[in-house]
Structure formats: C-alpha cells, structure tokens
Amino acid sequence: MSSLIGEGTFEDRAPMALGNAQLRRNLGKATSTIRAKRAGVVAELPDWEALRAAGAAIKERTARHLDRYLEEFEASVTRAGGVVHWARDGREANAVVIALAREHGVEEVVKPKSIATDEIGLNDALEGAGIAAIETDLAELIIQLDDDFPSHVLVPAIHRNRAEIREIFERTIAEGRSLGDAPADLAEAARLHLRERFLRARFAVSGANFGVAETGTVALVESEGNGRMCVTLPEVLVTVMGIEKLVPRFADLEVFLQLLPRSSTGERMNPYTSLWTGVTEGDGPREFHVVLLDNGRTDALADEVGRQALRCIRCSACLNVCPVYERVGGHAYGSVYPGPIGAILTPQLAGAGKADSLPFASSLCGACADVCPVKIDIPEVLIHLRGRAEKPRGERAAMRALAWTFGSRARYQRAQRLARSGRLDRLPIMPPWQRMRDLPVVPKQSFREWWRERPR
Ligand code: SF4
C-alpha cells in the first residue's frame, strides 16, 4: 500500500526505525555499495559538471515554459496515434485508468515500477474497482507480496535482505518449493511467477522517466527488462506521467540518459531504455494513452525557490548519501518519496500544512546537493520550506521573545548574565524542541568583557 503522505510526523516514525538494527545494517550495506559505484562511474567523465549544468538548464527552461511544452506534447502524441488525458489530481488520474480498464473488460493489469502511480495510490483504486494490479519489477513485487511500503526511490525493498526476501517468496509464490537465497534463485522464483502473467496480459499501466514535447515520445529506463515487456506485449498501454517529466527536444535525452544511470545504479547506461511514440501498426500496443498528472505540481511551480524540486529525475543519489536516510530508512518519511528529495517534494505536492515535519528531517550537511545530477539546491529548499511550515505555538512565542531580547543591548546583556548564572539551562516554553537538543553551554566571559579586560 502506497501514498503521498502517511499518518503522523517524521518524529513519530523515526524512533521505531532507529531501534531496528537489522534495518540499519541492510541500509548501510546497500547505500555504501551504490555510493561507491556511482562515484567510480562519475569520475570517469571529464565533462560531468558540464552535463549537470546542461541537465539543470534544460529542466529550468522546461519549467519556465511548461504550458507551451505540455500543449506541444499533447499535439505530438495525438499526431502519433495516442490519446492524452489531463488529471488535476490522483483521483482524476485513477478514474481515467479504471475507466479505460473497464472499457477493455480487463480484470488484471501489469505494471513496471512507477512512483507516480504509487503517489496516487493507483493499485488500491484498481483493487477497489475489482481489477488486480500486478507489479512486475522485482523489488516492487517483494513489496506487494508482503503488503509492505516502498522505502527507496530506486530500490523500493532496500530495507529487506536476501534471507527476508526468500522467506517472503516461500510464503507467497514458491508453491511449496524451498528456495535458496542467492540472487539467481530469487530472480528465478520471481520470473516463474511473472512469466505467465506477462504472456496473458492485455493491459499495462506504466510510469515514464521522460516525455519529449517535440515528438510525443515517452522514455522508460530500467534494469530488469520487465518494463520492456509491459510496454510492448499488452494490447493497451496507459502511461501515467507527472507533468514535470517533459523535456523539449528529443536531443535533450542525450544529456539525461548519461546523467540518470550513472547517478542511480552507478552504471554507464541503463540495461533497458524503451522509447515509444504513439502506436505503430503491427508493433507493440494497439492503443496508447498518456495521463498527464498535476497533483500539486503547478502549485510547486509557482514557488520560486521550491520549484527546483520539479527538476528531479528520481535517480536517488541524494538518498544514498544522506546520513539521516541511512539511519532511519524510507518508512520514517511516510511517503513514496523518501530521503532528501522526499523532504522537499512531498510537502509541496501535498500542500500547505501537510508533511510539514519532513523539511526538518535533515542535518543540512549539503551532501545531497553535491551529488544531485540536476543541481537542485536541496538545503536551500529545505530551509525555505522550514520557514513556511506551521510552527508550534511555543516556538512562535519563543522566537518573539528572542527577537525582543536581541532588539536591545541592555536586554541582551541581562539575558547573558542570567544564562551565565546557570538559571537558564532549559527554555520552558519549548519542551518539544529540547527533547533531542541541549542548550549550548554559555561561556563564563562574553567577548565584550574579554575585550575590555585584555592586556593592552
Ligand atoms: S533530487 Fe537530485 S539527487 Fe535526489 S533523486 Fe532527484 S535528481 Fe536525484
């Protein structure tokens, strides 16, 4: 079960994750491996910084003229024989997919990994309409079989190790067989389970990594080949795509198809890159629909600082370097978008007053911004969103009191004397803030006192 925002706050969820030593071991091992691979392949490219700058510039230009590029994309898809649907929110997008599935009389759909469809809770909506959604990506399948929640943008089951996955498969799909826990054994069990479903599938729902305004082409990159089967075998293909996934020109893919694999899986290129443009007689699906999903994106676009988050190409490099993510894992963020990108994207998509705790789930160390292939200044957006977040009443009062104290030299000096007397080791109106923080120790002598007393 997935969704954009969950119950409670980051502070409510994080302690449970921190107490799970197995989770931290799984995460530490997986993120350090991906980090090392990424660093190796990035270092090979002499023009990596130029590629990052190009990626950021293309995404910026797209965002500035998004209305024009969306209309161009619609015209291009229609010209190529596809159908474009517009969805203001998840409810509308789900309704389009369900109506199309009903029109074709299907009771099951196959899906490659798609965070956009997780964001709108498509699987639950389909289930409610009596239609089974079958996840075909290995990690998504593990999550679905265990009724779990994704915890990483790229590797949704990163919190599970091989022994745990074997147990899930033996319990759900192995049909009484005992399995080994070697990657090949686990992949074979998933392949046996999925093959028959691929062959009988008539309807697929995919996400998209990129959509090209100029040609109406949609691109999907992946590592397992399940996505390629989903977008070629069934008669009907529906792609749910966030409106920020557009690039203006086909040639722009050259930049992103270098940035994405190196930043995500640490590979020079993706094992499978599928590109399709409308429908082609005798080749692939006979019907193609694309659902353009807003779901809070135009509101994010209106925010001059926050809109950077819409450049994201979902590579997950920021998660793999984040010290907070590495310790608490993805579930603590309560969203299908965890880690640093989740901390800036989820509150903007969800809207004011929702997911306000997420921008505080960061040490502001800046490691995320250093690795981001499209140069999103994540710490800048975090601080911006912290300023926008609703504050507890005690905190607002404390800040007003501080401003009053700092507003006069006499008051400031009196406060210093009070602090030095040891009578101010707690701030009585901010107990939640101090649950995990100590007030800094106040030096015995102020700078001014030292200056006055220093030998001349
Ligand atoms: S914010 Fe940057 S580093 Fe993080 S997932 Fe998006 S593109 Fe990758």
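## Around the ligand

The shell around the ligand is made up of 10 nonpolar residues, 1 polar residue and 1 charged residue. Its members are Cys312, Ile313, Arg314, Cys315, Ser316, Cys318, Ile341, Cys372, Pro373, Val374, Ile376 and Ile378. The model in which these residues are placed is a predicted one.

## Aromatic pairs

Across the whole structure, a search finds 8 aromatic pairs. Because phenylalanine 210 belongs to strand S5 (residues 210–212) and phenylalanine 256 to helix H12 (residues 253–264), the pair ties together parts that lie 46 residues apart in sequence. Phenylalanine 210 is buried, at a relative accessible area of 0%, and phenylalanine 256 is likewise buried, at 0%.

Elsewhere, ring pairs join Phe10, Tyr325 and Tyr333 into a cluster.

## Helices H19 and H20

Helix H19 (residues 393–406) and helix H20 (residues 409–420) have axes that come within 6 Å and cross at roughly 115 degrees, which means that H19 is roughly perpendicular to H20. On the side of H19 the contact is made by Trp404, Thr405 and Phe406, and on the side of H20 by Arg411, Tyr412 and Ala415. Sorted by class, this contact has 4 nonpolar residues, 1 polar residue and 1 charged residue.

## Asparagine 94

Asparagine 94 is part of helix H5 (residues 90–103), and it counts as buried because its relative accessibility is 7%, where the cut-off for buried is under 20%. Leaving aside residues up to four places away in sequence, asparagine 94 touches Ile120, Gly121, Leu122 and Ala125.

Definitions and conventions:
Residues numbered from 1 in each chain as written. Predicted model: local features only at pLDDT ≥ 70, side-chain atom pairs only at ≥ 80, totals over all residues. Heavy atoms only, no water. Helix = DSSP H or I, 4+ residues; strand = E, 2+ residues; numbered from the N terminus. Buried < 20%, exposed > 50% of the residue type's maximum accessible area, 1.4 Å probe, protein only. Contact = heavy atoms within 4.5 Å. Axes fitted to C-alpha atoms, helices over the stretch in contact; angles between N-to-C directions. Parallel < 35°, antiparallel > 145°, perpendicular 65-115°, else oblique. Nonpolar A, V, L, I, M, F, W, Y, C, P; charged D, E, K, R; others polar. Near = heavy atom within 4 Å. Phe/Tyr/Trp six-rings, centres within 6.5 Å; stacked < 30°, edge-to-face > 60°.
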